[in-house]
Amino acid sequence: MVMNSKGGCGKSTLSTNIACYFAREGYKTALADYDPQRTGLDWLAARPEDLPKITGVAAYDEGLRNAPRDTEVLVIDAPARTHGSELNELVRRAETILVPVLPSRST
Ligand SMILES: Nc1ncnc2c1ncn2[C@@H]1O[C@H](COP(=O)(O)OP(=O)(O)OP(=O)(O)O)[C@@H](O)[C@H]1O
Ligand SMILES: [Mg+2]
């Protein structure tokens, strides 16, 4: 799972790249988008169909229940501003959590 409550720090960019990596390695890969902005799902919709398959899961709407049963790698793109019980619920599901931090120059 890629998570940081801060917005715009690269969660979706990292999630999509990780999903690509595992799909190219031959794993049955799904990308679960918990963000109603649907960045990951929109990206998947624009992705050419001849590339290694990544299944999109509209997790912001329906959770993980529609993730294919045979999924080997599930990448979760968490939304910004996640906190409280929602944060607990997401963290509980994750085997590995990545927290991207875009470096910025202090001025
Ligand atoms: N490693 C990087 N280096 C430079 N720019 C990056 C990097 N990763 C992401 N970006 C850029 O930062 C912006 C935000 O990235 P992204 O949409 O992945 O963040 P996010 O954390 O998913 O945002 P949100 O909180 O809105 O979901 C985009 O313009 C993206 O191209
Ligand atoms: Mg995002």
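Entry 1. I call a residue buried under 20% relative accessible area, exposed over 50%, and partly exposed in between. I am working from a predicted model. I looked up D42, which sits in helix 2. Its relative accessible area is 45%, so D42 is partly exposed. I also checked its distance to G56, which is 14 residues away along the chain, and found 9.4 Å between the C-alpha atoms of D42 and G56.

Next I took S15, in helix 1. Is S15 buried or exposed? S15 is buried, because its relative accessible area is 0%. The C-alpha atom of S15 is 7.8 Å from that of M1, and these two are also 14 residues apart in the chain.

**Entry 2. Ligand 1.** I listed the residues around ligand 1. They are G7, G8, C9, G10, K11, S12, T13, D35, Q37, A80 and L102. By class I noted 6 polar, 3 nonpolar and 2 charged residues in this shell.

Then I looked up which atoms come close to the oxygen atoms of ligand 1. For K11, an N or O atom of the side chain is 2.8 Å from an oxygen atom of the ligand. For S12, the atom is a backbone N or O, and its distance to an oxygen atom of ligand 1 is 2.8 Å. For Q37, a side-chain N or O atom lies 3.2 Å from a ligand oxygen. How much of the accessible area of ligand 1 does the protein cover? I noted 52% of the 630 Å² that ligand 1 has on its own.

**Entry 3. The largest pocket.** Rolling a probe the size of a water molecule over the atoms shows where empty space is left. I recorded a volume of about 360 Å³ for the largest pocket. It is lined by 15 residues, and M1, V73, L74, E95 and T96 are the closest to its centre. Two elements give two or more residues to this lining, helix 1 (11–24) and strand 3 (73–77). Which element gives the most? It is strand 3, with 4 residues. I sorted the lining by class and wrote down 11 nonpolar, 3 charged and 1 polar.

**Entry 4. The second largest pocket.** The second largest pocket holds about 150 Å³ of space. I counted 13 lining residues, with G8, K11, D35, Q37 and A80 nearest the centre of this pocket. By class, the lining of the second largest pocket has 6 polar, 4 nonpolar and 3 charged residues.

Entry 5. Most residues other than glycine have a negative phi. Phi of R38 is positive, near 60 degrees. R38 belongs to the loop between strand 1 (29–33) and helix 2 (39–46). With a relative accessible area of 31%, R38 is partly exposed.

The other case I noted is R81, where phi is near 65 degrees. Where is R81 placed? R81 lies in the loop that runs between strand 3 and helix 4 (84–93).

Conventions:
Residues numbered from 1 in each chain as written. Chains lettered and ligands numbered in written order. Predicted model: local features only at pLDDT ≥ 70, side-chain atom pairs only at ≥ 80, totals over all residues. Heavy atoms only, no water. Near = heavy atom within 4 Å. Polar contact = N/O pair within 3.5 Å; in protein donor to acceptor, adjacent residues only side chain to side chain. Areas by Shrake-Rupley, 256 points an atom, 1.4 Å probe, with all protein chains shown as cover. Nonpolar A, V, L, I, M, F, W, Y, C, P; charged D, E, K, R; others polar. 1 Å grid on protein atoms, 1.4 Å probe; cavity = no way out; pocket = protein on both sides within 12 Å on 5 of 7 lines; lining within 4 Å. Points joined across faces, edges and corners; volume = space filled by probe spheres on them. Buried < 20%, exposed > 50% of the residue type's maximum accessible area, 1.4 Å probe, protein only.
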